[in-house]
Amino acid sequence: LLVWGLMVVTLSLGVAAAYVRGGRGLNVPFGTLAAFIVIYFLLCSVVSCAAALVSLRASTVRQAIQTLAWSFMVVVLLGVFGASRLQTEWRDTLMRILGGENLLRTEVLLAAILAIIVVLLFGAARLRFVRSRLILS
């Protein structure tokens, strides 16, 4: 949540600086800005829940960090390489479906998917958490 808070502060300072310099603020609609903040919050929540789940399973902090780093690297690289392997027509169709006039639907769908992932990861972490095991070790 610290990262999300820093992002909100940075974004607020950017809006204030643009308002002071140009007199009219950012050239971004409020809905887009709000969607960006909500999606970023949910993404930070997914990462923090995944980190808590990994740390409950790992025996050391080093092992938890390495597992989390490798997991994120695999997810990002699979996404990048998977998108680059798509045929050009498929990529264009996907961009047409996700962007343009359908942007609000895409933002709502992404937020819903992230919220479901957060609930699942948080629930899994709560089920795996055993306070007595932490006190004894």
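Helix H1 passes helix H2 in a right-handed crossing, where right-handed means that the near helix is turned clockwise from the far one by less than a right angle, and left-handed that it is turned anticlockwise. The model is a predicted one, in which local features need pLDDT of at least 70 and side-chain atom pairs count only at pLDDT 80 or more, while totals for chains, interfaces and linings use all residues. Residues are numbered from 1 along each chain as its sequence is written, and side-chain values use heavy atoms, with hydrogens and water left out.

**H1 against H2**

- The axes of H1 (residues 2-22) and H2 come within 9 Å and cross at roughly 160°; axes are lines fitted to C-alpha atoms, for helices over the stretch in contact, and angles run from 0 to 180 degrees between N-to-C directions.
- H1 and H2 are therefore roughly antiparallel to each other, the term for angles over 145 degrees, whereas those under 35 degrees count as roughly parallel.
- In the contact (heavy atoms within 4.5 Å), Val3, Trp4, Met7, Val8 and Leu11 of H1 meet Leu33, Phe36, Ile37, Tyr40, Phe41 and Cys44 of H2.
- By class, this contact of H1 with H2 has eleven nonpolar, no polar and no charged residues, with Ala, Val, Leu, Ile, Met, Phe, Trp, Tyr, Cys and Pro counted as nonpolar, Asp, Glu, Lys and Arg as charged, and the others, Gly among them, as polar.

**H2 against H5**

- The axes of H2 and H5 come within 9 Å and cross at roughly 25°, and the two helices are therefore roughly parallel to each other.
- The crossing of H2 and H5 is left-handed.
- Residues of H2 including Ile39, Leu42, Val46 and Leu53 meet residues of H5 including Leu110, Leu114, Val118 and Phe122, and the contact of H2 with H5 comprises 19 nonpolar, one polar and three charged residues.

**H5 itself**

- The 26 residues of H5 (residues 103-128) should span 38 Å at 1.5 Å a residue, which agrees with the 37 Å between its end C-alpha atoms; the expected span is 1.5 Å times one less than the number of residues.
- Thr106, Glu107, Ala111, Leu114, Val118, Leu121 and Ala125 of H5 are buried (under 20% relative accessible area, with exposed over 50% and partly exposed in between, for a 1.4 Å probe and protein chains only).
- The buried residues of H5 pack against H2 (30-57) and helix H4 (88-98).
- Phenylalanine 122, which lies in H5, is partly exposed, with a relative accessible area of 47%.
- Phenylalanine 122 and valine 46 are 76 residues apart in sequence and 8.5 Å apart in space, C-alpha to C-alpha.

Note on methods: Helix = DSSP H or I, 4+ residues; strand = E, 2+ residues; numbered from the N terminus. Parallel < 35°, antiparallel > 145°, perpendicular 65-115°, else oblique.
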